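This report describes one protein chain for a reader new to structures. Look at the overall fold before turning to the text.

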Amino acid sequence: MALSDLKKIFFSVHLYIVISLLALMLFPLSWPVKLPTEFWIKQVLIHLVWAALFYANLLFFTPKLLYRNKAILFVLLLIASLFAVVYLNLWLDEVTGWKAALGRLFKNWGKKSADDGHSYNYWIIISTLVVLGVSTIIAVSKKIKSDQDALKATEQEKISSELSFLKAQINPHFFFNILHTIYALSDSNPSASKDAVYTLSHMMRYVIYETKNDLTDLEKEIKFAEDYIKLMKLRLSDDVQVIFEKQANLRNCEVAPMLFLPFIENAFKHGISAVHPSYIYIDIGQEAGKLKLEIKNSLFEEQAAYLEDSNGIGIANTKRRLDLLYPGRYALKVNRDLTAKEFTVVLTFQLNEN
């Protein structure tokens with residue numbers, strides 16, 4: 001066991017146990033009589049035995065037996081320890097000779113020795129049981145807390161791993177669509193293709209450096225969304241209207257990186273028609289300490305079947321990321337209005353202000 005572990009043990013609840021043993025040992029000082037040296041020697045020795053038993057049970061008996069489902073052997077060992085303390089106490093009585101010394105101090109000691117002997121033995125048994133009980137309770141409590149901490153750490157590690165996995169799923173999905181766009185532009189519009197590559201380089205820098213952490217600046221996340229919209233507009237016809245609005249003087253705060261992209265990407269994927277006029281409306285604003293993302297796009301009958309609440313890898317993963325990063329602090333509403341032929345996504349969540 002490391003020295004730091006020993007310090008943690010001593011400077012904790014166990015310190016109060018030691019103080020209690022010392023107080024119990026020194027309690028006879030309050031008696032209106034000067035007790036012989038032999039008595040104090042016996043007091044010190046029996047309390048040292050109790051202290052040794054306390055830590056033996058705390059550090060060895062309980063961890064090695066009770067923690068490992070060896071309850072019967074553990075109980076037998078405690079019973080054996082109890083008998084050992086009783087017999088050791090009798091041996092210390094003989095070695096120290098404290099009873100004889102008290103007999104010389106109190107004239108009537110001999111008349112009460114038999115009754116006092118039984119009472120004293122009961123006291124030794126009760127004290128030993130208390131020492132064993134308290135040390136067992138502390139050891140079990142430490143084990144429960146340790147298991148809870150380990151479980152919490154495991155869950156946190158699992159969440160971190162899952163977040164990394166979800167982001168890894170989103171990124172290839174996103175780049176697949178972007179590269180497909182650049183490929184389509186390479187023959188028809190080389191100049192636009194160069195602009196797309198330049199814009200993509202900024203976006204790749206964001207993905208590489210900003211998604212390492214769970215949170216990034218809202219300003220950077222919005223700029224990333226603007227770059228994506230700029231890139232996607234390069235291949236759109238004049239029949240498609242794209243409106244991007246953001247509230248003036250947005251307070252900078254921390255948000256999960258690439259949180260907006262799946263919803264915006266979904267609007268471009270399903271809200272545009274090659275033969276009908278279509279539109280995409282994106283609005284980002286803040287109100288009462290919450291961030292609101294609203295996206296509306298045109299809805300066509302041939303695409304309606306694909307627009308379910310969990311449609312798309314990116315959407316499903318983003319919902320899972322929201323559950324992990326903003327548990328109980330976000331609201332996601334998805335509405336498919338066949339009458340108005342409009343698909344709406346509204347995401348609101350509590351801000352983490354810088």
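The text below goes from the whole chain to a sheet and then to a pair of helices.

The model is predicted, so local features need pLDDT of at least 70, side-chain atom pairs count only at pLDDT 80 or more, and totals for chains, interfaces and linings use all residues. Residues are numbered from 1 along each chain as its sequence is written, and side-chain values use heavy atoms, with hydrogens and water left out.

**Whole chain**

The protein chain has eleven helices and eight strands; these are DSSP runs numbered from the N terminus, with helices (H or I) of at least four residues and strands (E) of at least two. Of its 354 residues, 39% are buried, where buried means under 20% relative accessible area with a 1.4 Å probe, protein chains only. The protein chain exposes about 20700 Å², and carbon and sulfur atoms supply 61% of this area, computed by the Shrake-Rupley method with a 1.4 Å probe.

Five strands form an open sheet in the order 2-4-5-7-6, with mixed pairing; two strands pair if DSSP finds at least two bridges between them. Strand 2 (240-246) and strand 6 (330-337) are at the edges and have a single partner strand each, so one side of each lacks a neighbour in the sheet. Strands of a sheet pair through backbone hydrogen bonds, either parallel or antiparallel. Two pairings of this sheet are listed here.

| Pair | Sense | Bridges |
|---|---|---|
| Strand 2 and strand 4 | parallel | seven bridges |
| Strand 4 and strand 5 | antiparallel | eight bridges |

In strand 4, seven of the ten residues are buried. Gln286 stands opposite Leu291 in strand 5. Strand 4 and strand 5 make a hairpin with two residues between them, and Ala288 in its turn has a positive phi of about 55°.

**Two helices**

How do helix 3 (residues 37-66) and helix 4 (residues 71-96) pack, and at what angle? Their angle is about 170° and their axes are 11 Å apart; axes are lines fitted to C-alpha atoms over the stretch in contact, and angles run from 0 to 180 degrees between N-to-C directions. Helix 3 and helix 4 are therefore roughly antiparallel, a term for angles over 145 degrees.

Conventions. Buried means under 20% relative accessible area, exposed over 50%, partly exposed in between (1.4 Å probe, protein chains only). Angles under 35 degrees count as roughly parallel, over 145 as roughly antiparallel, 65 to 115 as roughly perpendicular and the rest as oblique.
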